Amino acid sequence: MPRIAALIVAAGRGERMGGDVPKQYRPVGGVPMLRRTIQLFARRDDIDLVQVVIGANDQAHYEAATNGLPLLPVLAGGPTRQHSVMHGLEALAPYRPDCVLIHDAARPLASQALIGRVIDGLNQGAEAAVPMVAVTDTLRRREADGVWTAVPREGMARAQTPQGFRFETIRKIHRDNAGGNATDDMAMVQSAGIAVQAVDGEETNLKVTTESDMALAERLLGGVADIRTGMGFDAHRFAPGDHLWLCGVKIAHDHGLEGHSDADAGLHALTDAVLGAIGAGDIGQHFPPSDERWRGASSDRFLAHAAELATKAGGRIVNCDVTLICERPKIGPHRDAMRARVADILKIDVSRVSVKATTTEGMGFTGRREGIAAQAIATVAFA
Ligand code: MG
């Protein structure tokens, strides 16, 4: 398998849109545009490295937008797009990728199929593969005298990104032409006499440039939300002790809970719910009770691990809901602390975390006060 890198150019100021926050950091479909764009690549098994180039003053925006994503250290771009791309290529060079896909942060809607076509083109031997979309509107050019003359559209197409290249080829071309102001990399390889293979682009792979593009992107995303849910259940038996852990909160009680780790049934059920939503097995597979490393372990690390896997898979935890089932201890006084702790572990707002409690009216093992059970559900949205 060739080693493929993605280089995402996010250094533009988006001057056509104005506003204090550059457009690539504004939310689209509830997720910062840059995060959405990065995830198009980060979630793929055939892409090994993701390098982002940002504007010199955008570090704080960048960090907020990309929290938890598996990325190479970010780079500040230069005065032009060409300059920024060259910076990114030089940063990737030590990793010796075979190919690179260069993509604009402002295209958050490229489909996985489109990216796959660019990669296929390279895998089949093309030096450069670029998605193209035929022009269907009638084209007009405004002449000096103000008259709009018709331009034949036959054979006309629009070039999109990601544009794929052999790494050393595009790197050499950038080195040989440093200081230029090319608006895309296809133009640069063509002036070096290299053939470009066209692959099918997509109308929906729009470049978000204006407020009306932003609105269109929102509408397109509204129809393609990919929402997944997972559920979890856990129970632990009471044992001698003077405290127990539930939903990451230590509670003084006349019993403890028995378990290999800290026996936090609430966090265990929720960990399974998150793993379930992303189809990643269960807590026992990731943290086997037979493994001495997890003896007495604090369960927040189990949940944090599940959340990290969800992020790596391209997901975003939308909300979760835990029900604790016991006669004692009373959960009400600890509910707010539990919600805050879970929100903290999952790195989501507390409004997205619910903790509820019920008894079983004296029936069953929880009713006999033999132990505590917990159920949880988690919702994960994919870009
Ligand atoms: Mg458990």
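Q: How many salt bridges does the count come to?
A: In this predicted model, the count comes to 20 salt bridges. One of them is formed by Glu90 with Arg175, where the closest N and O atoms are 3.0 Å apart.

Q: Which elements hold Glu90 and Arg175?
A: Glu90 lies in helix H3 and Arg175 in helix H5, so this pair ties together parts that are 85 residues apart in sequence. As for accessibility, Glu90 counts as partly exposed at 26%, and Arg175 is partly exposed as well, with a relative accessible area of 48%.

Q: What about Lys207, which residue does it form a salt bridge with?
A: Lys207 forms a salt bridge with Asp104, and the closest N and O atoms of that pair are 3.8 Å apart. Lys207 lies in the loop between S12 and helix H7 (211-222) while Asp104 belongs to strand S6, so the pair ties together parts that are 103 residues apart in sequence.

Q: And is Asp104 buried or exposed?
A: Asp104 is buried because its relative accessible area is 9%, which is under the 20% limit used for that class.

Q: What does the Arg368 salt bridge look like?
A: The side chains of Arg368 and Glu370 meet at 2.7 Å, taken from N to O. Arg368 counts as exposed at 52% relative accessibility, whereas Glu370 counts as partly exposed at 32%.

Q: Switching to the metal, what coordinates the magnesium ion?
A: The magnesium ion is coordinated by Asp234 through OD, His236 through NE2 and His268 through ND1, at 2.1 to 2.2 Å. Along the chain, these donors follow the spacing D-x1-H-x31-H.

Q: Where do the two histidines, His236 and His268, sit?
A: His236 is in strand S13 (residues 226-239) and His268 is in helix H8, 32 residues apart, and the pair links distant parts of the chain. His236 is buried, with a relative accessible area of 14%, and His268 is buried too, with 8%.

Q: Which residues touch the most other members of the largest nonpolar core?
A: Of the 41 residues in that core, the ones touching the most other members are Leu246, Leu270, Leu303, Leu324, Met338, Val342 and Leu346. Elements that give two or more residues to the core include strand S14 (243-246), helix H10 (300-312), strand S17 (315-325) and helix H11 (335-346), and H8 gives the most, with 8 residues.

Q: Which residues is Leu303 in contact with, leaving aside its neighbours within four places?
A: Leu303 is in contact with Leu267, Leu270, Thr271, Val274, Val342, Ile345 and Leu346, once those sequence neighbours are set aside. There is also a second, separate core of 28 residues, which includes Ala6, Leu34, Ile115 and Val118.

Q: Back to H5, which of its residues are buried?
A: In helix H5 (residues 167-176) the buried residues are Phe167, Thr169, Ile170, Arg171, Ile173 and His174. They pack against helix H3 (81-92), strand S6 (99-104), strand S11 (163-166) and helix H6 (185-191).

Q: Where is Gln24, and what is it in contact with?
A: Gln24 is placed in the loop between strand S1 (4-10) and strand S2 (27-28), and it counts as buried at 3% relative accessibility. Leaving aside neighbours within four places in sequence, Gln24 is in contact with Ala10, Ala11, Gly12, Pro32, Met33, Leu34 and Ala105.

Q: How do strands S8 and S9 run, and how many bridges join them?
A: Strands S8 (residues 139-142) and S9 (residues 148-151) run antiparallel and are joined by 4 bridges, with Arg140 having Ala150 in S9 as its bridge partner. The two strands form a hairpin with 5 residues between them, and Gly146 in the turn has a positive phi of about 85 degrees.

Q: Last one, how many helices and strands does the chain have?
A: The protein chain has 12 helices and 19 strands, and its C-alpha trace spans about 90 × 45 × 35 Å along the principal axes. Buried residues make up 48% of the 383 residues.

Definitions and conventions
Residues numbered from 1 in each chain as written. Predicted model: local features only at pLDDT ≥ 70, side-chain atom pairs only at ≥ 80, totals over all residues. Heavy atoms only, no water. Buried < 20%, exposed > 50% of the residue type's maximum accessible area, 1.4 Å probe, protein only. Contact = heavy atoms within 4.5 Å. Pairing = 2+ DSSP bridges. Core = buried A, V, L, I, M, F, W, Y, C linked by side-chain atoms within 4.5 Å. Donors = N, O, S within 2.8 Å, 3.2 Å for Na, K, Ca; no water. Salt bridge = Lys/Arg side-chain N within 4 Å of Asp/Glu carboxyl O.
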